[in-house]
Amino acid sequence: MNSSTPTPTTAPRFYDGSEYAKDNSVGFLMKVALAVLVRNLEHQLQGLDLTGSQWHPLLHVHQGCDTVAACAREMQTDAGAMTRMLDRLEAKGLLVRERSCSDRRVVNLSLTPRGSEVAAQIPHVLSEVLNDHLRGFSPKEFAQLLDLLRRFIANGEALAEANKAAPGPQLVVQERDPEENNDNNPS
């Protein structure tokens, strides 16, 4: 083994708590990068009359996510937040919720014709905004960025598994009947 190749026990440590600065924090920079990306996406999606929180479930349904529970799991959100997002999309006439005939606990989702038209445009808007954010990157740098992010995520997942950490937001979803009036649930 080459002595200059770091092993898991001698891996470099990039941070020291006594000298930590948020401006050099990978987590802080990723959060800022995501916030800027979301801000630019929201601006471009205004033309489709969608907010930042509305395009995401609409796209998931367009790509085959057909129940409230499945969409909540894929988006890693709780049932209440998902219900509020779907309420707004349904009010805009973009999707329909329908209780399953075979299992009343399941609420199926489908796009309206207008919802399908709007959802089909979302990937194009996302692509344009992402391409704008990647301006000046070479194809090699783009591939490297994807690789680095995937490695960062894999390391985090392995650490969470080793620590038996919870999988993020509570993913157990209790679906509600869309016809049910819930005055305690603000939109």
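Is Asp-49 buried, partly exposed or exposed? At 44% relative accessibility, Asp-49 is partly exposed. Here buried means under 20% relative accessible area, exposed means over 50%, and partly exposed lies in between (1.4 Å probe, protein chains only). The model is predicted: local features need pLDDT of at least 70, side-chain atom pairs count only at pLDDT 80 or more, and totals for chains, interfaces and linings use all residues. Residues are numbered from 1 along each chain as its sequence is written, and side-chain values use heavy atoms, with hydrogens and water left out.

The protein has six helices and two strands. Both kinds of element are DSSP runs, numbered from the N terminus (helices: H or I, at least four residues; strands: E, at least two). Their order from the N terminus is α-α-α-α-β-β-α-α. Of the 187 residues in the protein, 27% are buried. Contact means heavy atoms within 4.5 Å. Among contacts between residues at least 6 apart in sequence, 60% join residues at least 24 apart.

The largest nonpolar core holds 31 residues. Such a core is a set of buried Ala, Val, Leu, Ile, Met, Phe, Trp, Tyr and Cys residues joined through side-chain atoms within 4.5 Å. Leu-50, Trp-55, Leu-58, Met-82 and Ile-122 have the most contacts inside it. Two or more core residues come from each of helix 1 (26-45), helix 2 (52-62), helix 3 (68-75), helix 4 (79-91), strand 2 (107-111) and helix 5 (113-133). Helix 5 gives the largest share, six residues. Ile-122 touches Leu-48, Leu-50, Trp-55, Leu-58 and Leu-59, leaving aside neighbours within four places in sequence. In soluble globular proteins, nonpolar side chains tend to be buried together.

Two helix pairs were examined. Helix 1 and helix 5 pack at about 135°, with axes 10 Å apart. Axes are lines fitted to C-alpha atoms, for helices over the stretch in contact, and angles run from 0 to 180 degrees between N-to-C directions. Helix 1 and helix 5 are therefore oblique to each other. Angles under 35 degrees count as roughly parallel, over 145 as roughly antiparallel, 65 to 115 as roughly perpendicular and the rest as oblique. Val-36, Leu-37, Asn-40, Leu-41, Gln-44 and Leu-45 in helix 1 meet Val-125, Leu-126, Val-129, Leu-130 and His-133 in helix 5. This contact has eight nonpolar, three polar and no charged residues. Ala, Val, Leu, Ile, Met, Phe, Trp, Tyr, Cys and Pro count as nonpolar, Asp, Glu, Lys and Arg as charged, and the others, Gly among them, as polar.

Helix 3 and helix 4 pack at about 115°, again with axes 10 Å apart. This angle makes helix 3 roughly perpendicular to helix 4. From helix 3, Val-68, Cys-71, Ala-72 and Met-75 meet Met-82, Met-85 and Leu-86 of helix 4. The contact of helix 3 with helix 4 has seven nonpolar, no polar and no charged residues.

Asp-49 sits between helix 1 and helix 2, and its phi is near 60°, a positive value in a residue other than glycine. Gln-76, in the loop between helix 3 and helix 4, has a positive phi of about 50° although it is not a glycine. Most residues other than glycine have a negative phi. Gln-76 is partly exposed, at 47% relative accessibility. Gly-64 lies in the loop between helix 2 and helix 3. With a relative accessible area of 54%, Gly-64 is exposed. Gly-64 and Leu-109 are 45 residues apart in sequence and 9.5 Å apart in space, C-alpha to C-alpha.
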